[in-house]
Amino acid sequence: MSQLDYLVTGALGQLGRIVIQKAAQRGKTTLGVDLQEMPLEDQDAIRKTVGTARPKLVIHCGANTNVDGCEKDPAAADRVNGHATAFLAESAVGIGAGMIYISTDFVFDGKQHGVPYTIDSEPAPLSAYGHSKWLGEQGVLRHARPGFYVLRTSWVFGPGGKNFPRAILERARSGQPLKVVTDQVGRPTMTHDLADAILDVAEQRPAPGIYHASNEGQCSWHEFAVAILQESGLGHIQVGTQTAADLNLPAKRPAWSVLDTSRLTAARGKAMPHWRDALRRHLQMIANP
Ligand SMILES: NC(=O)c1ccc[n+]([C@@H]2O[C@H](COP(=O)([O-])OP(=O)(O)OC[C@H]3O[C@@H](n4cnc5c(N)ncnc54)[C@H](OP(=O)(O)O)[C@@H]3O)[C@@H](O)[C@H]2O)c1
């Protein structure tokens, strides 16, 4: 029997499920695991899963993505997002597999306003979630070997996920007033485009290390909300403004987290689509499932 192509963690999450779908479309074999089959806190489960599946590459999408929840127990966040990733990386090395770890713009503090973060920018996370993901990055990058990657992305949305477009549309359609933050700017990223980027890296195996993978363009959450309504034929609904300070969430988010995607663009020979184009495709997909 031929070797499994990809072991995908977070298989039930909004990104993992699309990675699995698209990998199958490319003729690749995948094994998807989530909390049930391989709890990230459980090193035995990780060792056993990786040792039995023996994939060519691990695509690690699984994580505790409850950003505010992570503030309540930073040590638990570090275990799930940080130490487990390091252990998974070690397990991958143990069987000679590669690894792609999906990380986040939240490793940055957002203070370099106006200048996109490059792969060489120094992380300085503001939140427990950001810290735990950075820890995970270090666990992967420590190996500095061919086939080992950290792909940072941002503001992820896609059909089937719990995400910002869904929250905005639900509120708008239920007639609740909308107020959205104006002073955080980033790059919305669609799962389908991100999955394509991940699978291109998996197949093309460019130089190892960090890549930034986000849709092109940038916007504030407020601009994103307005676009979601406009593209859904709900442009007449007013979106009020507020600041991050008004919202006062438990976890601090970067005010600016535009990722410089040039290394990925050069490696793939093409840029990711603009976020507004991605949003249109997303809305079409959820309207015609
Ligand atoms: N969403 C974003 O805006 C965003 C932005 C930047 C980077 N990322 C990164 O992108 C990756 C994919 O995110 P996503 O949006 O697809 O997140 P998601 O929908 O929350 O998927 C993550 C999956 O991991 C599972 N999981 C949670 N805790 C686990 C544990 N202890 N053991 C095993 N599995 C566990 C989740 O299960 P439950 O649903 O049952 O918890 C879920 O199925 C993550 O690494 C995330 O950090 C996401």
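A crossing of two helices is left-handed if the near helix is turned anticlockwise from the far one by less than a right angle, and right-handed if clockwise. By that convention, H6 passes H8 in a right-handed crossing. The structure is a predicted model, in which local features need pLDDT of at least 70 and side-chain atom pairs count only at pLDDT 80 or more, while totals for chains, interfaces and linings use all residues. Residues are numbered from 1 along each chain as its sequence is written. Helices (H or I, at least four residues) and strands (E, at least two) are DSSP runs, numbered from the N terminus.

**The sheet**

- Six strands form an open sheet with parallel pairing, in the order S2-S1-S3-S4-S5-S10; two strands pair if DSSP finds at least two bridges between them.
- The edge strands, each of which pairs on one side only, are S2 and strand S10 (209-212).
- From one strand to the next, the twist averages 20°.
- Four bridges join S1 and S3 in the parallel sense, and Leu7 stands opposite Val58 in S3.
- Helix H7 packs on the sheet, where it touches S1, S3, strand S4 (98-104), strand S5 (148-153) and S10. The direction of H7 makes about 165° with that of S5; axes are lines fitted to C-alpha atoms, for helices over the stretch in contact, and angles run from 0 to 180 degrees between N-to-C directions.

**Helix H1**

- Helix H1 (residues 16-25) has Gly16, Arg17, Ile18, Val19, Ile20 and Ala23 buried. A residue is buried if 20 or more other C-beta atoms lie within 10 Å of its own, exposed if 12 or fewer, and partly exposed in between, with C-beta atoms placed from the backbone.
- These buried residues of H1 pack against strand S1 (6-9), strand S2 (30-33), strand S3 (57-60) and helix H7 (191-204). Two residues are in contact if their C-beta atoms, placed from the backbone, lie within 7 Å.
- After H1 comes Gly27, with a positive phi near 80°.

**Helix pairs**

- Two packed helices are described by the angle between their axes and the distance between the axes.
- For helix H6 (residues 164-173) and H8, the axes come within 10 Å and cross at roughly 65°.
- On the H6 side the contact is made by Phe164, Pro165, Ile168, Leu169 and Ala172, and on the H8 side by Phe224, Ala225, Ile228 and Leu229.
- By class, the contact of H6 with H8 has nine nonpolar, no polar and no charged residues. Ala, Val, Leu, Ile, Met, Phe, Trp, Tyr, Cys and Pro count as nonpolar, Asp, Glu, Lys and Arg as charged, and the others, Gly among them, as polar.
- Helix H8 (residues 221-231) also packs with helix H11 (residues 275-287), at an angle of about 45° and with the axes 10 Å apart. H8 is therefore oblique to H11; angles under 35 degrees count as roughly parallel, over 145 as roughly antiparallel, 65 to 115 as roughly perpendicular and the rest as oblique.
- H8 passes H11 in a right-handed crossing.
- In this contact, Ala227, Ile228 and Glu231 of H8 meet Arg276, Leu279, Arg280 and Leu283 of H11. The residues of the contact of H8 with H11 divide into four nonpolar, no polar and three charged.

**Two buried residues**

- Glu137 belongs to helix H5 (residues 128-141) and is buried, because 21 other C-beta atoms lie within 10 Å.
- Not counting residues up to four places away in sequence, Glu137 touches Tyr101, Ser103, Val107 and Val150.
- Glu137 and Gly82 are separated by 55 residues in sequence, and their C-alpha atoms are 7.6 Å apart in space.
- Phe106, in the loop between S4 and H5, is buried, because 27 other C-beta atoms lie within 10 Å.
- With residues up to four places away in sequence left out, Phe106 touches Pro125, Ser127, Tyr129, Gly130, Lys133, Arg253 and Pro254.
- Phe106 and Arg253 are 147 residues apart in sequence, with a C-alpha to C-alpha distance of 6.7 Å.

- Most residues other than glycine have a negative phi.
- Arg205, in the loop between H7 and S10, has a positive phi near 45°. Arg205 counts as partly exposed, because 14 other C-beta atoms lie within 10 Å.
- Asn248, in the loop between helix H9 (244-247) and helix H10 (262-268), has a positive phi of about 50°. Asn248 counts as exposed, because there are 8 C-beta neighbours inside 10 Å.
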